[in-house]
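Here's a friendly walk through one structure, helix by helix. Have a look at it first, then read on.

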Amino acid sequence: MSRLPIALAAALTIAAGLGVRLVWDGPVSKYAGDALYTVLIYTLVLLVRPRTRPWAAAAVAAVLSWAIEFAQLGEIPPALQPVLGSTFNPPDLLWYAVGAGAAWGAHALWLRRRTPARP
């Protein structure tokens, strides 16, 4: 898979996250942001290794998201808090899984549509 569509997906994910924050507030934007955070990590995994299988990219994105969330149980340096957060919130773990699953599904569909059918 070419890196250009992956970079575009990453940019769209960032735009979607910012758009959600502009349109909604409260739990909708918070949890949508959590899911999109994991989708962004998914795209970054693919930028580094474009041939990564969807299930593997989803697993890496979910595990990294969860690791960052659990790191919030300790002290996150103030300079990193805008990116990594500062407060552990257990429901975030579910929404990271939702984001990883959504990215996995979208990626698998993309690959299926791009692969020619075999007789």
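## Starting at one end of a helix

R114 is found in helix α5; helices here are DSSP runs of H or I with at least four residues, strands are DSSP runs of E with at least two, and both are numbered from the N terminus. Keep in mind that this is a predicted model, where local features need pLDDT of at least 70, side-chain atom pairs count only at pLDDT 80 or more, and totals for chains, interfaces and linings use all residues. Residues are numbered from 1 along each chain as its sequence is written, and side-chain values use heavy atoms, with hydrogens and water left out.

Is R114 buried or exposed? R114 has a relative accessible area of 59%, so it counts as exposed (buried means under 20% relative accessible area, exposed over 50%, and partly exposed in between, using a 1.4 Å probe and protein chains only). Along the chain, R114 and W55 are 59 residues apart, and their C-alpha atoms are separated by 17 Å.

## The rest of α5

Let's check the length of α5. With 24 residues at 1.5 Å a residue, α5 should span 34 Å, and its end C-alpha atoms are 35 Å apart, so the two agree. The expected span is 1.5 Å times one less than the number of residues in the helix.

Which residues of α5 are buried? They're D92, L93, Y96, G99, A100, A103 and H107. These buried residues pack against α2 and α3, with contact meaning heavy atoms within 4.5 Å.

## α2 and what covers it

The 22 residues of α2 should span 32 Å at 1.5 Å a residue, and its end C-alpha atoms are 32 Å apart, so that agrees. Buried residues in α2 are S29, G33, D34, A35, T38, V39, I41, Y42, T43, V45 and L46. What covers them includes α1, α3 and α5.

## Where α2 meets α5

How do these two helices sit together? α2 and α5 pack at an angle of about 50°, with their axes 7 Å apart. Axes are lines fitted to C-alpha atoms, for helices over the stretch in contact, and angles run from 0 to 180 degrees between N-to-C directions. α2 and α5 are therefore oblique to each other (angles under 35 degrees count as roughly parallel, over 145 as roughly antiparallel, 65 to 115 as roughly perpendicular, and the rest as oblique).

α2 passes α5 in a right-handed crossing; a crossing is right-handed if the near helix is turned clockwise from the far one by less than a right angle, and left-handed if anticlockwise. On the α2 side you'll find K30, Y31, D34, A35, Y37, T38, V39, Y42 and L46, and they meet P91, D92, W95, Y96, G99, A100, A103, W104 and H107 in α5. The contact of α2 with α5 has 12 nonpolar, 3 polar and 3 charged residues. Here Ala, Val, Leu, Ile, Met, Phe, Trp, Tyr, Cys and Pro count as nonpolar, Asp, Glu, Lys and Arg as charged, and the others, Gly among them, as polar.

## α1 alongside α2

Helix α1 covers residues 3-23, and its axis comes within 9 Å of the α2 axis, crossing at roughly 165°. α1 and α2 are therefore roughly antiparallel to each other. α1 passes α2 in a left-handed crossing. Among the residues making this contact are I6, A10 and V20 of α1, together with L36, L40 and L47 of α2. By class, the contact of α1 with α2 has 15 nonpolar, 4 polar and 3 charged residues.

A9 sits in helix α1 and, at 31% relative accessibility, counts as partly exposed. A11 is in helix α1 too, and at 45% relative accessibility A11 also counts as partly exposed.

Helix α3 runs over residues 54-71, and its 18 residues should span 26 Å at 1.5 Å a residue; its end C-alpha atoms are 26 Å apart, which agrees. Its buried residues include P54, A61, I68 and E69. The buried residues of α3 pack against α2, α4 (81-84) and α5.

The axes of α2 and α3 come within 8 Å and cross at roughly 125°. α2 and α3 are therefore oblique to each other, and α2 passes α3 in a right-handed crossing. This contact has 13 nonpolar, 2 polar and no charged residues.
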